[in-house]
Structure formats: C-alpha cells, structure tokens
Amino acid sequence: MDDFFAARAQMALSLGFHIIYACIGMVMPFFMAVSHYKWLTTKNIAYKNITRAWSKGVAIFFATGAVSGTMLSFELGLLWPTFMKHAGPIFGMPFSLEGTAFFIEAIALGFFLYGWNKFNPWFHWFTGVVVGISGLASGILVVAANAWMNSPAGFDFVNGEYLNIDPIQAMFNDAWLSQAIHMTIAAFAATGFAVAGVHALMMLRGKHLIFHARAFRIAILFGAIASLLQPISGDFSAKDVAKRQPAKLAAMEAHFETQKAAPLIIGGIPNEKEKNVAYAIKLPGMLSFLAHGNFQQEVTGLDTIPEENHPPVAVTHFAFQIMVSIGVFLMIMSIIYLIALKKKSWLQKQWFLKLFVLATPLGFIAVEAGWTVTEVGRQPWIINGVLRTADAVTPMPGIAYSFYLFTAVYLILSVAVIFLLKRQIKMVSALYDEAAQTEDY
Amino acid sequence: MNYIVIAFLFFSILLYVVLGGADFGAGILEFFTSDRNRNRTRKTLYHAIGPIWEANHMWLIIAIVILFVGYPVIYTEMSIYLHIPLIIMLMGIIARGTAFVFRHYDAVKDNMQYVYNRIYIASSFVTPLFLGIIAGSVMSGRIDHNANTFYEVYIASWFNLFSIGVGFFVVALCGFLASVYLIGEADNEDDRQRFINKTRHMNIVAVACGILVFVAAQMEAIPLLNWIIFNPVGLIAMISATVSLVLLWYLIYQGKSIILRPLAAFQVTMIMLAISYAHFPDFIIVKGGNNYSLFEHHAPEKTLHALALALIIGSLFILPALFYLYYSFQKREDLHS
C-alpha cells in the first residue's frame, strides 16, 4: 500500500470511527435530560431506569469517543505535518475553544454519572444538560474547523506563504454555519433513529414493553424532528457548495458538462474516463434549480475544472446518493411516526416496529456517507485551492503498518462496544423487573 | 501574550503529569498489589478516580492544542521525528481509557474482567513510559535534521538510554503520586498502611530512576547537570525538591497523609520546573544547534492573542467546575468512621 493512500485511509478510518461516538456522546445527553426530567417531575420509576440505563451507554460511548478524539488531535500532525504547520495558527481557534467545551463536558459527565443521590436532584439534572450542551458546542467547533478546509478564510496566500492571519475570521468562514447546522441535525437524526431502533427491537421481542416503549418515544421524537428539518438544511448546504466548491458539487452530481438547465442525476454509474453516467435517471433542470434556485441557470461541470483538480467522481457521487436516499427514507419514517401518534394502534404493530429496527443503522450510514462527500469531494485539496493533500503528508515511510495497526484497534474496539451494549441490554431484565410490573402503557 | 501561552502550556503539561500521572500510577499500583488485596485496591481506586479521570486527561488535549495552534513548527517537528513513540503512547491512551470504563460498565462480571484488568495494567505502564520517552527525546538532542536512514531519523531520535531512562523515571513518579493520593482515599487502617508502604517503595524507585537519568545523561553527553546547576531557577528548584524529600519521609513516619499530597505535587512541580527551565526557551533540542525555541517558533501575534484569550476565558469556566468536582468527590474525614 502506498504511504499517501495509507495515510488517507488511516485518517478516514479514524474520523469515521470517531464521528459515531462523537454523535452519540453529544446527542444522548439530551435524551437522558428528557427522561431524567420526566422522572423528577412525575416520579415514574420507568423514567429513572431509562435515564440510568442510557447513562451507562453514554459512559461507554463517551470514553471511547474521548480517547479516539485524543488520538485524532495527534493524528492530524502525525499524518499531515505540513498541513498542521501552516493551518494550525489559522484554524486553531475553534480547537482551542473546543478544548474548553470538551473539558467542561468531561467534568459535567463526572458529576452526572457519579452524582446520583449525592446532589440536589435538579443540580444533578443540570449537570446532565451541561454534558449535552458542551458536547454540542464541541461538535460545532470541530465542524467549523473542517469548514475552514472547505472554505479557507482569515489569511492571505502570497507566494506560498500564509500572511495576515486572522484566526477569528478563519473560524467564521463561509461554510461553518451551513456545515454546523447540517451536522448537528444529522447527529440528532442518526442517534435518534439508532436508539429508537434498538428499543423497537426489544419491543418486538416482547421484553419490558413499558421500559422500551417509553425510551423509544423519547429517542424517536428527536430523530423525527431532526429528519424532517434535515432536507431544508441540506438544500442550504447544497446551494452553499454550489457557490464555493463547484468541483465538489459537480462530483456529487456526476455533472461532467457545464450546461444551462442542468439535469439532476439520480443513481447511475459515473464513468470518469468517458465522462458520462450510465443507467441514471435524469430530471431536466432540477440541478439548476436545486443549486441556484432557478431552472435555467448554468451549473459548472467538471469540464471547466482542470483535470488535476478533479475530485474522485464515483465515490463522491455514490456517497452523496446514499446520504440523500437515506435522508429521504428517514423523513418518510418520521412522517409515519407522526401519523402513528394519531393512530395509536400502529405503535404496537409488528410491521411498524420492524420498520424502525430496519432503520437502526441508516442514520449513521448517512453520516458516514455525508463525511465522505465532504472529504473526498474536496480532494485533491486538503485546504481547498491552497494546499494539496499529497503535499501535506508525512515524510515517514511505512504508514501502511500504522494503518493496519489502527484498523485492528478500531475493529477490536467496535466489537468490544457492541459486546458491552448487548450485555447492558440483556441486563435490563435483571435490573428493572421490579419497575415494570406496576406500570402500563 | 507569548508568555501567557507559555505559562498555560507549562501548567497544562504539569497538571497532566500530576493528575493524569496519579491516574496512570493507580494502574501501576494495581500491578504491584498482591492478589489477596487486589480487589480491594481496585475498589478504592475506582471510587477515587472514577469521577475525575476523564477530566484529568483533558490536560493533555489542552497541551496539544496549545502546541499546534501556538507553536505549530514544534508540534510538526515532534509529529515527524517522534512518530513511533507517539503512536505507541496513543495506543496506550486508547487501551487504558476503554479498559477502565469497560471493566466497570460491563454488566456481566465474568472472565472478561481478567482481560480488561490485564489491558488496563499494561497500558497504565506503557503510556507514561512513552510519555517520558517523548519528553526525554525532546531534550536529548538526538533529533537530527541531517540524518537520512529510517533508523537514524525515526528510531535513534528516541531509542536511547537517556530517553528510556526518563521514561522509567516518569513511570516511577506516577506510581509514587498514585500511592500518595490513595493514602487519603483508603477506607480502613490496613489499606492505609499498605499505601503508605507503597509510597515508600515508589519514592525509593523514583529517586533511583532519577539518579539513573543523570547517569544516562552523562553517558550520552547530554549536559543535563550543567543546565540545572548553572541556572539559578533550576538549582533552586532542584534543591527544593531534594529538601522536600526529607520532609516527605518525616511526614510519612509521622503518619500525616493529607499534607503529603500537596508536598508530592510540589516535588513534581519542582522537577518539571528544573527540567523545563534548564533549556528554556528552547523546547526541542536539535542535534548540531538550531534548537526550536518557544520565542522564535511561535504563531503570529494575532493567533497567540486569540489563543491566550481563549485559554483565559476557558480556564474561568474550567477551574471552578473542576475544583467543585474534586471537592464533591473527595473522601471526607467525617465519612471516614
């Protein structure tokens, strides 16, 4: 394996792994806050049990997310030293703020996990909320740093030198808002559907119905609202990308030729050599409309961009299609759930629960696909239009071995986390039997 | 502004060594505990560090962020030449954090506990060892810009007697810090006595390793002794550390446990001060001169300004919350009986 490819693969693997834990770590605290709130106000023991059961999951995910995040802060330098040498002082501002947010999150988590029966119940509840808010802030700040790589700002690039650095302007670059909104909503949608799916599975198995039904409802509430909002944010992001990164948009859409009334290409297999897409559905004028809000407007294709600056089209296009189709599917699921709120009988139907079990991993697959679009779509640049990824890679040979090592570690960790969660879920019976008996739906 | 950022860098590294170090030490102590007492020790340890360990490790993140934002050239240099020990240290951090949490949150307590414990203990040893090796390599002058073989560039930079000596010194220091910390956390006299004994042993080992570091420095022609002796701050810090050693042993015999904590922290602070001031403002000593100095290789003024501001505002949030966390979860004397 060539070193440059190994470095990219290792970075992708590390980010792909971390993002799942980061999402769960920043969203679950809000679910817990709701059930915790219900426990404090209704004194219904089921909510206390849900909160406690979730908090154990969060402890596992947070620890894994924290260590994989620590790893990433080093990997940036280990794999991309030239990038960090130049970018560090420019886009470091969100990272230094994120350090604080992350720190507060760890402190609040200590209070929350170990504070049962130790503090005023509302103070304890509040520490859980702080975990969520600081987690969310961390996420937004890290995304702002990534947005800078897509939309570099806050410096002048003169003769290969980075001058007049303004870290604040770099943080508030043009892409940060649309990316932060899109990612935050995605985290809620993915985590909401994943958690709801696990509880739906347990309901299907007929276990501890009250416990799992209540947990399901809290999780899906967040998941459904987020999934309904996501298309709006997606549209905002797409228009943003069209403006700032035409090459990325063209790759997402496998849009090879610059043209007016550009068609939206759905599905298909892009052929990068022949510059066409086989077996695709083409909706005339729709791309122009989605990218620029006008059916006639010209959309830049890959033909106006020098070949050496083309991102890989097939990967970006496939990833984009996967993300969008899952997004649409989850939106439909959310509508089904809203209907089920009226037609209460649906909530106990097999097909209904099965549908949600099916959706368990989808949100996270969409998140991974979305990051693939962002990162692969920006290639060959690590800083869009300024520094090439290939020029930023470490001079150290043998990165392939490091990649194998990381792959093994992440594989083991994933297996371990799944194993632990299974055991946690199994133990629900032993821990919460006494609570389930007196309650009804 | 540069001074403010340097101060934050120093304190976050120091706090990581003291707090994170005590944390690592807990795992090292577990290794040196007889099977008979191991479960009890593990319980004490869990109660003592459970709520605070994640916060303790945040100091490393703060330090690394300061380095890559404020001193990107230094961060890059370390990332390239010390790639291998950094990777090993990271593996240790991952293994340790997850094993610690997994062993507690595994709902079924079966043979898996054995696996978690093994990983936890091994990584509690490896992580500070390589942290020390990295610290040693930074000042060993083995980083060589003119080297061209893989061995010379990526291995000789850290694989030498001095760096490894510093590694073992840091391990011993962690064990020492943890035993001092746990004296105050023990919930019966028997355990307390055990931790006091551990403190004695670990202190002897740490002093021995410290002497070995000086010997290794002499053998490898690193002017460590000169740096410290011909530098007033270094000399005073070194003398304070030595004098407080006598005081420490006196207090151990007197059976005073709580005052031992600040004293142990003071010793580590003095050692850190002596070592880092010795070659200040140079951060990385490079073979043949051209050292990487905190005064010359920093980010532009505007970045340092923003960084300092972020750190000051951040600490306004972090420090009170952190103190309250420690305060809330410390073992109180009134609960003792």
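A residue is called buried here if 20 or more other C-beta atoms lie within 10 Å of its own. All views show a predicted model.

**View 1. Helix H2 of chain B and its buried residues.** With the cut-off above in hand, which residues of H2(B) are buried? They are B:Thr41, B:Thr44, B:Leu45, B:Ala48 and B:Ile49. The cover over these buried residues includes H1 (2-31), H3, H8 (161-183) and H9 (189-219) of chain B. As for length, H2(B) runs over residues 35-49, and its 15 residues at 1.5 Å each should span 21 Å; the end C-alpha atoms are 21 Å apart, so the two agree.

**View 2. The side of chain B that touches chain A.** Here 51 residues of chain B are in contact with 51 residues of chain A. On the chain B side, the elements that give two or more residues are the helices H3 (53-70), H4 (72-81), H5 (83-105), H7 (150-155) and H13 (301-329). H13(B) supplies the largest share, 13 residues. Sorted by class, this side of chain B has 40 nonpolar, eight polar and three charged residues.

**View 3. The crossing of helices H1 and H6 in chain A.** Take a look at H1(A), residues 3-42, and H6(A), residues 176-204: their axes come within 9 Å and cross at roughly 70 degrees. Angles of 65 to 115 degrees count as roughly perpendicular, which is why H1(A) is described that way relative to H6(A). H1(A) brings A:Cys23, A:Ile24, A:Met26, A:Val27, A:Met28 and A:Phe31 to the contact, while H6(A) brings A:Ala187, A:Phe188, A:Ala190, A:Thr191 and A:Val195. Ten of the residues in this contact are nonpolar, one is polar and none is charged.

Methods:
Residues are numbered from 1 along each chain as its sequence is written. Chains are lettered from A and ligands numbered from 1 in the order in which they are written. This is a predicted model: local features need pLDDT of at least 70, side-chain atom pairs count only at pLDDT 80 or more; totals for chains, interfaces and linings use all residues. Two residues are in contact if their C-beta atoms, placed from the backbone, lie within 7 Å. Helices (H or I, at least four residues) and strands (E, at least two) are DSSP runs, numbered from the N terminus. Ala, Val, Leu, Ile, Met, Phe, Trp, Tyr, Cys and Pro count as nonpolar, Asp, Glu, Lys and Arg as charged, and the others, Gly among them, as polar. The expected span of a helix is 1.5 Å times one less than its number of residues. A residue is buried if 20 or more other C-beta atoms lie within 10 Å of its own, exposed if 12 or fewer, and partly exposed in between; C-beta atoms are placed from the backbone. Axes are lines fitted to C-alpha atoms, for helices over the stretch in contact, and angles run from 0 to 180 degrees between N-to-C directions. Angles under 35 degrees count as roughly parallel, over 145 as roughly antiparallel, 65 to 115 as roughly perpendicular and the rest as oblique.
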